[in-house]
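User: Please examine the following structure and answer some questions about its architecture.

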Amino acid sequence: MSPEKILYKTKPLENWAWGKELRTKHYKSIMTAKDDGKTLTSGSAHARILAAGLPNYVHLSGEPFGATIATMPELAQECAEAAEAQGFSRDMCAYMRLYWGASFLNKSPWGKFPKPDLGVQSAICDSHAKWHQMMTEYMGIPFFVVEVPQYYPALAPPHPSMIEYTAEQFMDMPPWMEGVTGQKWDDEKFITALLRLNRIHVLWAEICTLNQNVPAPLDLKSMYSLYWPAAGGDINEDTEAFYRALKDEVQHRVDEGIAALATERCRLMHENQPPWYALYIFRYMEGFGAVTNCGGYVFALGGAFDLVDDEQGNPHLITETPVEQLEPRPKNREESMYLMAKLHFGRYRFVTSPDAKRKIAVAMADDWKCNGAIIMLNRGCEGLSVGQTEARLALIDAGVPTMVYEANMADKREWDDREVRDRLDSYMESLGLKKLED
Amino acid sequence: MSTTESPHAEKKPGQNTGLMDGFRRIIQERHDYAREWKDRTGGRVFGGMCTYVPEEIIYAAGILPVRVLGSHEPQDVSERHIYAMFCPFCRDVLAQGLLGRYDYLEGLIMSHTCMHLRQSFDSWVTHVGIDYFYYLFMPQLIRHRKARGYLTTEFTRFKENLEGWIGKKISNEEIDRAIEVHNTNRRLLRQIYELRKSPNPPISGAECMELVVSSQLCDKAEHNGMLERLLKELPARQDLPPAGTRLMVIGGECDDQEAVRLVEASGANVVADDLCCGSRYFWNEVIPGEDRMSALAQGYLNKPPCPLKDVTHERIRFKYVLDMAREFNVQGVLQVMQKFCDPHEFDIPAMERFLKDNGIPSYSIELDVTMPVGQLQTRTEAFLEMLELEI
């Protein structure tokens, strides 16, 4: 923590508009998919790769769709209440309830709900498969689901049989897709997309890693927007080009000492999703000179990170090498499905493995030079909330002052603004920070 | 040795003259039972989280598998480890570990079912000193053509890992005997369940739950002997449970016999269930095969699924519930779930519609670690009144 009144250079991101443009183009293509003759698939964001062998498709990623609605509290409340009216509990996945509600109401932020042609899902948490089981039944559309075995990294690494089992399920997908869409699966197109997505994830991890620098070139509030194409957007040349340009720009900011927050005095981690309707809390913290520079949510869902221990047993998050630099390009469907299964295992332990998440939190606090950590105990996502309370204890053990607040990432009805601000005030005070006047 | 013969038959703690006392005592004194079992057999005890833990493998290793359940008491030790929006059961289960109530366990096995229990397992690993922990994955896609092969590998790996820990091979004969002991238990429990199809069942729903819960907490061979005696005694039972509206209880983890007793005291007779402390635990036998692990895998895949093992449009669980409801001639279904139990929260609205479409009224009730008696009684009575009007 720097008590000195340093004022870093700062300036807006030049690629910010490009990122927004990618998002707009993506949702436009969803809304016009039927007119454009595209197959509209839906499932979770990570499942969008599953349809990449179709000649012409666009994927409605469930979580980003829910998050987008969450930024519109009136529509969000309407959707949540529509789901509740069908008998679903308020404590279930909030993204899912907003997605369901939008479907029940035939609404979306851009007009009517874009009804998908089919559901595809890989079950990396308990809610994912059930979400789209129910939804595809309601919509009367076909549903393909793959399960990804969960393991407990602290006891044993994933066994090869887990990857094989996942790959074998993936192998069922192309013929299934061909059967329900009448379109021919293109293995070469799929392999190209799979390798591209991996490169995109590596690029995003590299960008996140640049935020280890002091001052931080990016703040987490901005990263919540910037990570989206990697986590839930189109897998195409444009997206990859965006991340190459963004990486160059962030590297330039590091080289030039350009900060996200000119008054950076303190660096904080924020764990779990943010309250999408109340992102102003990040600006509020900046008023104390606190920049939030890392968080497992945006790192894990959009980035290709590996978790390794150093010789002293201290955990570190390192960027993975693009898979095409490590092994030959898949030559056929079987190899491509096996590779996809392997990549699934690499990443999703960060989502639902409590033991891995503890280590990630400690690694981030150390490597990203955090002075403290804030954990949102999220009533709206049980998957990402797994391990959070134990992560808090691990951070405290590691000497990282840690604050928690309770909220729901997508349901504003559970937001207590005064309570959260009071907590933040006390926390900032405990870190020796005062409201800045500069 | 027979499937009902215990090496220490003369000292069975559950043995006494009351029809249900023995089963009840095992539940109430589960920790004393396990410690006493260790003393008299010199064996080891493993805890299992979830009914998908392959008990036969543990039993074949000479280890007593017991289900780790909560104690239904308020506690203040789990809050800092498990977020309060996770289900009360997983917090109660963790509390038992943190409070040292399972200090006699040498091992704890988790078979992945839900994330809440996964968190509980993680906190046990981190904070409760046990020598042996093992996590195995139980497929969600239980009807997938590759599921059996995958689960066979999981069980084989577990067996080999366990063999490494105990320092000896588990023989096919030991596995066979374990399967037979467990199958006998399943068969006997099912025979007792069959009696509930009668217009005046000789056993109540709460008592049946006691049978199934106690089965998960003691040596199956001993339990088999107790069940055989019960089966002989039940036809002559004089104090039959009062006849009432025939209910089926379905839902999540519910080992709360008091809750079922209260429902029955309100004028119901619980004659069937789809609970993991009920029929889901034992309904289908393991069909022996040359490849023992494969046979076990198929047996566990054939269990009536919980919502997380039923994720396709096939809706296996719904068909199972409907078939059972019809077979046992139930007049209504009570859906119970642990508060915040997401898997059951998914199924409840769809199940309600499904049952309604099939002419069976249902009603949902949330459970917590402790039970609000007045509320549960009022709601149950209201449901029963509705049923009487419909009937």
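User: Which residue of β2(B) stands opposite B:Arg44?

Analyst: This is a predicted model, in which local features need pLDDT of at least 70, side-chain atom pairs count only at pLDDT 80 or more, and totals for chains, interfaces and linings use all residues. Residues are numbered from 1 along each chain as its sequence is written, and chains are lettered from A and ligands numbered from 1 in the order in which they are written. Strands (E, at least two residues) and helices (H or I, at least four) are DSSP runs, numbered from the N terminus. Strand β1 (residues 44–49) of chain B runs parallel to β2(B), joined by 5 bridges; strands pair if DSSP finds at least two bridges between them. In β2(B), the residue opposite B:Arg44 is B:Ile63.

User: Which strands stand at the edges of the open sheet in chain B?

Analyst: The sheet has 4 strands with parallel pairing, in the order β2-β1-β3-β4. Each edge strand has a single partner, so one side of each is left without a neighbour in the sheet. The edge strands of chain B are β2 (63–67) and β4 (132–137).

User: Which element supplies the largest share of the side of chain B that touches chain A?

Analyst: The contact takes 43 residues from chain A and 39 from chain B, where contact requires C-beta atoms, placed from the backbone, to lie within 7 Å. At least two residues on the chain B side come from each of α5 (115–127), β4, α6 (147–166) and α14 (342–357). The largest share, 8 residues, comes from α14(B).

Definitions and conventions
Contact = placed C-beta atoms within 7 Å.
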